[in-house]
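Dear colleague,

I am handing over the structure below, and my notes on it follow directly after. Please read them beside the model.

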Amino acid sequence: MADNAATVIGFIGLGVMGGAMCRNMALKHTAEVIAFDMNPQAFEALEGTKARRAATPTEVAAAADVVFLSLPGGPQVEQVCLGPQGLALGARHPSVIVDLSTTTVASARGMAAQLADRGIAFADAPVARTREAAQRGELSIMVGASEALFARIEPLLRYIGSDVTHCGEVGCGQVVKLVNNALVFEHTMALAEMMVIGERAGVRPAVLLDAVSKGSGDSFVLRNHGRKAMLPREFPEKSFPPEYALKDIAYLLELAAQVGTSAHVTELAQRYYAATSSHGWSGRYFPAVIELIDRNIGPAPAASGNRH
């Protein structure tokens with residue numbers, strides 16, 4: 001196992017989650033951290049740290065031993081790894097790439113195979129929990145990797161996560177992350193429905209959430225999405241919008257089709273968040289689905305291509 005104390009870390013993608021994760025790595029890691037993002041303003045997240053700014057992914061590859069990615073999805077991961085200025089194509093490349101993004105399972109496994117041909121080990125390590133958890137370094141991280149690779153990267157992942165779970169071989173991290181996200185989206189939708197029904201039946205939403213939180217209906221979604229977003233009806237921009245939920249739901253439905261399993265509840269969630277996006281809450285925090293339910297706006301019609 002490599003000496004992680006001397007490992008140079010690269011980090012690509014300094015968005016809402018990535019910026020916080022890279023900042024924690026730069027504050028906690030003893031060796032150099034080098035970062036890249038296409039948006040110059042994104043580097044503001046690293047102010048007050050020792051992180052060094054790179055101009056291209058190739059520059060990151062020239063210096064880093066282990067590179068972490070926090071990107072919108074599979075196409076961006078492929079471009080950063082294998083594109084013209086990608087991590088794998090320069091004169092020098094990292095020995096390990098760890099993808100913290102959420103992608104399809106097939107994308108993760110395909111990327112691992114292509115990078116292995118170039119002598120680069122790959123792990124999928126998608127993250128869960130909130131932006132605040134990312135800032136505190138308390139994310140839940142689900143890792144798909146060999147036993148040996150997991151042993152190497154786990155100490156580095158502990159800089160950003162309080163729970164780091166080895167889920168199996170490459171791709172298994174994405175399986176668990178997609179299941180996690182689908183459950184969150186589905187539960188948020190169900191909680192929104194119950195809050196509207198309860199209020200129309202005479203129970204104030206705050207009372208409803210307080211009472212249910214003391215019983216078997218309590219959940220992470222109730223305590224976070226319910227209390228912090230749906231109760232005050234605050235759905236800010238630059239949070240996790242319905243469009244992002246739809247991307248992850250599509251990934252899960254693709255996986256369900258690949259393993260030959262029906263996913264009718266997830267299909268219903270897909271229709272609800274599609275309607276949320278198209279009825280005025282595009283770009284807003286996805287628990288805005290409660291506004292759709294409160295206005296008696298039904299979900300989008302089922303698409304014929306969603307049957308499996």
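Helix α8 (residues 205-212) and helix α9 (residues 220-230) pack at an angle of about 170°, their axes lying 11 Å apart (axes are lines fitted to C-alpha atoms over the stretch in contact, with angles from 0 to 180 degrees between N-to-C directions). The two helices are therefore roughly antiparallel, a term for angles over 145 degrees. L209, D210 and V212 of α8 meet L222, G226 and R227 of α9, where contact means heavy atoms within 4.5 Å. Of these residues, three are nonpolar, one is polar and two are charged.

This is a predicted model, in which local features need pLDDT of at least 70 and side-chain atom pairs count only at pLDDT 80 or more, while totals for chains, interfaces and linings use all residues. Residues are numbered from 1 along each chain as its sequence is written, and side-chain values use heavy atoms, without hydrogens and water.

Strand β4 (residues 66-69) is covered on both faces, with V66 and F68 buried on one side and V67 and L69 buried on the other (buried is under 20% relative accessible area, with a 1.4 Å probe and protein chains only). Helices (H or I, at least four residues) and strands (E, at least two) are DSSP runs, numbered from the N terminus.

Strand β1 (residues 9-12) pairs with β4 in the parallel sense over four bridges, pairing requiring at least two DSSP bridges, and I12 stands opposite L69. Strand β5 (residues 96-99) also runs parallel to β4, joined to β4 by four bridges, and here V67 stands opposite I97.

With kind regards

Definitions and conventions
Buried means under 20% relative accessible area, exposed over 50%, partly exposed in between (1.4 Å probe, protein chains only). Angles under 35 degrees count as roughly parallel, over 145 as roughly antiparallel, 65 to 115 as roughly perpendicular and the rest as oblique. Ala, Val, Leu, Ile, Met, Phe, Trp, Tyr, Cys and Pro count as nonpolar, Asp, Glu, Lys and Arg as charged, and the others, Gly among them, as polar.
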